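Here is a friendly tour of one protein chain. Have a look at the structure first, then read on.

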Amino acid sequence: QIVCKDARRTLASKRGMTASLLIDRLVQRLRNQMEETYSEFQGLLAQLVKVPRTVAEYVEMKNSVQSTPKRLNQMRQNIVRDVELYDRIESFLYKFSAKDMRIRWQLAACPAEALAEVGRKVRALQGYHADFVGALKA
């Protein structure tokens, strides 16, 4: 008579370890992706906050502001990807850290925050335009 209890127990243990390692790998991948996306967003905001000091900087900033919605759409795709992976991992009852949850919600708010900043920057650029035109006339 063949007893399979030990073999089943060993296989169940290995399956559990494999599943745990896979989830840990997915969490690490998610963290890296979320950090990368959030860093990209922070760079975008930093670029929007800068004040142009010359006409060349003004023109560069104006072009940058005009291309921001396109960059935001690309970021939105990354954010959706990250949130879907977050939800999938959470469905396995994985307990995320407070930092992970905070970054998730910050990412979800990024596009709206960036669009609001673009609106403020467009209004500010109009003022800078008037200042530069006035300086050129003087």
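Confidence is lowest in α3, with a mean of 84, and highest in α1, at 89; this score, pLDDT, is the predictor's confidence in each residue, from 0 to 100. Across the protein the mean pLDDT is 86, and 98% of the residues reach 70 or more. The model is predicted, so local features need pLDDT of at least 70 and side-chain atom pairs count only at pLDDT 80 or more, while totals for chains, interfaces and linings use all residues. Residues are numbered from 1 along each chain as its sequence is written, and side-chain values use heavy atoms, leaving out hydrogens and water.

Let's follow helix α1, residues 5–49. Helices here are DSSP runs (H or I, at least four residues), numbered from the N terminus. Helix α1 has 45 residues and reaches 65 Å from its first C-alpha to its last, close to the 66 Å expected (1.5 Å times one less than its number of residues). Its buried residues, including Ile-23 and Leu-48, pack against α2 (55–90) and α3 (98–137).

Is Lys-5 buried or exposed? Lys-5 is exposed, with a relative accessible area of 61%, whereas Phe-41 is buried at 1%. Buried means under 20% relative accessible area, exposed over 50%, and partly exposed in between (1.4 Å probe, protein chains only).

The whole structure holds three aromatic pairs. Rings of Phe, Tyr and Trp (its six-membered ring) pair if their centres lie within 6.5 Å; planes under 30 degrees apart are stacked, over 60 edge-to-face, and the rest tilted. Here are two pairs:

| Pair | Centres | Planes | Type |
|---|---|---|---|
| Tyr-38 and Phe-41 | 6.2 Å | 35° | tilted |
| Tyr-86 and Phe-96 | 4.0 Å | 15° | stacked |

Tyr-86 lies in helix α2 and Phe-96 in the loop between α2 and α3; both are buried.

Notes
Helices (H or I, at least four residues) and strands (E, at least two) are DSSP runs, numbered from the N terminus. Contact means heavy atoms within 4.5 Å.
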